[in-house]
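Here's a quick briefing to read with the model open on your screen. Let's go strand by strand and then zoom out.

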Amino acid sequence: MNTVPATDSRLKIGPIVLDVPVVLAPMAGITNTAFRRLCREFGAGLYVSEMITSRALIERTPTSMRLIQHHESESTRSIQLYGVDPKTVSEAVTMLVAEDRADHIDLNFGCPVAKVTRKGGGAALPWKRTLFREIVEGAVAAAGDIPVTVKMRKGIDDDHLTYLEAGRAAEGAGVASIALHARTAADYYSGTADWDAIATLKGAIASVPVLGNGDIWSGPDAIRMMEQTGCDGVVVGRGCLGRPWLFGDLVSAFNAKATGAEYETAQPSVGSVARALRRHAELLAEFLDSEAWACRDIRKHIAWYFKGYSVGSDIRASLALVESFQEMDDLLARLDWDQPYPGEPAEGPRGRAGSPKRPALPDRWLESTELGDAHRAELSLAELSTSGG
């Protein structure tokens, strides 16, 4: 579980310099400090928190205050905020900066989850151009020397694309980088990401890095995206679920590209997977201050970790119900730790995908790109007290 040496492919996000141009995408219920620390043990990059709601943060709800925690080993403390009100977002940023809780702040404009978009948030928000610009400008002003970035989608659907207008507005507002998940809200996580859109955005943005997100399942995928689109870095989401070693794989791929060395992908045995899973659970217990809670949280990761491996349905089912570390250790000991990497069955898409769906939006949301009084009142309800996707 050693960190792979960094390459000379560097990415600058404001004053932050990344040895490899790789960012962990915020994922609700996944990218807590335990998972970020685990990924960091395998490779370099920028590791972003799960999405934090601005209003809940300034109200200091226990959940939000726990989610913004960073371990002392996290040298770059990165937090993603969600909000729909410029004043609330600015206040949240002001709080993070004044209390020295973050070194980087990302703004979420890409969440496709219905509970967020039906109230005008997430991927639905950039459709309201002035509102989007006010939120970003306010966050940048409140952040001072702390870099602010944005992560967004192509738009609501193919008939209501927003990424070019929003990208230019974000650049003008002074963000440090722009990340594009090359799907619309209607696409959700289905189909194939539209990397051509990343190339188009890169061609439209001159002064700050553009990062690509979507369908990065391996090191070669990251290299191919950057070569095909010209983007400055990649954002990795579902590809690392149950595969924290993907970050070492990415570093190896960038090393090989920089030096001409032969690329060797990570091919963990069952034993290596079991050790990573156990380490993940240990870090969760430290973060949550509870072994029992850690065991409950790790359950959702079991299928991802052992995707493609022959471990037996009974052990899989038992691991997904584990209640203690001793029980976990006993179950893991029953595996064939020498079983080699299964290849293709363990690779490719993982996590939620689903099918295209009609985005949930506020009534008459698409009639104008400006925010009317009725929608402004409705948006006050979109400041959820829980984290989104």
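This is a predicted model: local features need pLDDT of at least 70, side-chain atom pairs count only at pLDDT 80 or more; totals for chains, interfaces and linings use all residues.

Start at Leu 24: its bridge partner in β12 is Val 236.

**Strand β12 and its partners**
- Strand β12 covers residues 233–236, with Gly 233 and Val 235 pointing one way and Val 234 and Val 236 pointing the other.
- Whichever way they point, all four of these β12 residues are buried.
- β12 also pairs with strand β11 (residues 210–213), again in the parallel sense and over three bridges.

- Is β7 (residues 148–153) enclosed or open? Six of its six residues are buried, so the strand is largely enclosed by the rest of the structure.
- On one side of β7 you'll find Val 148, Val 150 and Met 152, and on the other Thr 149, Lys 151 and Arg 153, so to speak a covered strand on both faces, since every one of them is buried.
- Note that the buried set includes Lys 151 and Arg 153, with buried meaning under 20% relative accessible area.
- Strand β6 (residues 104–109) runs parallel to β7 and is joined to it by five bridges; within this pairing, Phe 109 stands opposite Met 152.
- Strand β10 (residues 177–181) is parallel to β7 too, with five bridges between them; here Thr 149 stands opposite Ser 177.

- Asp 221 sits in helix α9, which covers residues 219–229.
- Is Asp 221 buried or exposed? At 12% relative accessibility, it counts as buried, because the cut-off for buried is under 20%.
- Setting aside neighbours within four places in sequence, Asp 221 is in contact with Trp 195, Asp 215 and Ile 216.
- Glu 347 is in the loop between α15 (325–333) and α16 (373–379).
- With a relative accessible area of 33%, Glu 347 is partly exposed.
- Which residues does Glu 347 touch, not counting those up to four places away in sequence? They are Lys 307 and Tyr 341.
- Glu 347 and Lys 307 are 40 residues apart in sequence, and their C-alpha atoms are 8.0 Å apart in space.

**The whole chain**
- The protein chain has 16 helices and 12 strands.
- Its radius of gyration is 20 Å, close to the 21 Å that the globule rule gives for 389 residues, so the chain is as compact as a globular protein of that length.
- Along the principal axes, the C-alpha trace spans about 60 × 45 × 40 Å.
- Buried residues make up 59% of the 389 in the chain.
- Take the contacts between residues at least 6 apart in sequence: 72% of them join residues at least 24 apart.

Terms used:
Residues are numbered from 1 along each chain as its sequence is written. Side-chain values use heavy atoms; hydrogens and water are left out. Helices (H or I, at least four residues) and strands (E, at least two) are DSSP runs, numbered from the N terminus. The radius of gyration is taken over C-alpha atoms; the globule rule is 2.2 Å times the number of residues to the power 0.38. Buried means under 20% relative accessible area, exposed over 50%, partly exposed in between (1.4 Å probe, protein chains only). Contact means heavy atoms within 4.5 Å. Two strands pair if DSSP finds at least two bridges between them.
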